[in-house]
Amino acid sequence: MTTTPVDDTTPPNWDNTTGAQYASGGNQSVTVYWNRASDAANPPVNYNVYYDTTTPLDFDTATKLGQVPALDGGAFDWKYTVAGLDNGTEYYFAVRAEDSAVPPNEDTNTVEVSATPVSAEICYQ
């Protein structure tokens with residue numbers, strides 16, 4: 001007897017807070033922080049980071065960094081640093097969770113955070 005897999009059309013659920021929660025500018029970079037999402041049907045959950053210089057983000061045209069290798073975010077569950085940005089330009093970021101189904105199901109949250117990369121200044125005394 002074979003079983004037919006049930007089609008999964010449901011994206012992951014955010015465990016606590018939805019999407020991006022905080023962003024911090026560095027030299028030509030911004031680190032984005034978010035909390036965990038879960039998906040019982042098709043783990044593990046992957047995270048996609050979207051960004052652009054305009055708000056609200058247009059998810060069809062924004063830069064998408066798919067399935068980013070998130071690191072421990074300290075006060076938040078996860079973080080990821082987007083590099084190669086222009087110092088002095090404000091960027092807007094969103095994080096969406098997607099499951100491991102084929103094809104994957106991505107949530108549609110529109111939560112945005114913003115930050116501006118700044119050059120590091122060294123002060124000598």
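## Strand pairing, aromatic pairs and nonpolar cores

Tyr33 counts as buried, because its relative accessibility of 16% falls under the 20% limit. This value, like all those below, comes from a predicted model. The bridge partner of Tyr33, which belongs to β3, is Tyr22. Tyr22, by contrast, counts as partly exposed at 43% relative accessibility.

**The hairpin and its sheet**

Strands β2 (residues 20–26) and β3 (residues 29–34) run antiparallel and are joined by 6 bridges. Gly25 is placed opposite Val30 of β3. The two strands form a hairpin with 2 residues between them, and Gln28 in the turn adopts a positive phi of about 55°. In general, strands of a sheet pair through backbone hydrogen bonds.

**Aromatic pairs**

The number of aromatic pairs comes to 10. One of them joins Tyr22 and Tyr33 in a tilted arrangement, 5.6 Å centre to centre with 45° between the planes. Because Tyr22 lies in β2 and Tyr33 in β3, this pair ties together parts that are 11 residues apart in sequence. Trp34 and Tyr47 form a tilted pair at 5.5 Å centre to centre, with planes at 50°. This pair ties together parts 13 residues apart in sequence, since Trp34 is in strand β3 and Tyr47 in strand β5.

| Residue | Relative accessibility | Class |
|---|---|---|
| Tyr22 | 43% | partly exposed |
| Tyr33 | 16% | buried |
| Trp34 | 0% | buried |
| Tyr47 | 6% | buried |

**Nonpolar cores**

The largest nonpolar core has 21 residues, of which Val32, Trp34, Tyr47, Phe93 and Val95 touch the most other members. At least two residues of this core come from each of β2, β3, β5 (46–52), β9 (91–98) and β10 (113–115). Strand β9 gives the most, with 4 residues. Apart from this core lies another, of 6 residues, including Leu57, Phe59, Tyr92 and Ala94.

Leaving aside neighbours within four places in sequence, Val95 is in contact with Trp14, Gly19, Ala20, Val32, Trp34, Tyr47, Asn48, Val49 and Asn109.

**Arg96 and aromatic rings**

The charged end of Arg96 sits over the ring of Tyr50, 5.7 Å from its centre. Arg96 also lies over the face of Phe59, at 3.5 Å from the ring centre.

Note on methods: Residues numbered from 1 in each chain as written. Predicted model: local features only at pLDDT ≥ 70, side-chain atom pairs only at ≥ 80, totals over all residues. Heavy atoms only, no water. Pairing = 2+ DSSP bridges. Core = buried A, V, L, I, M, F, W, Y, C linked by side-chain atoms within 4.5 Å. Buried < 20%, exposed > 50% of the residue type's maximum accessible area, 1.4 Å probe, protein only. Contact = heavy atoms within 4.5 Å. Phe/Tyr/Trp six-rings, centres within 6.5 Å; stacked < 30°, edge-to-face > 60°. Lys NZ or Arg CZ within 6 Å of the ring centre and 35° of its normal.
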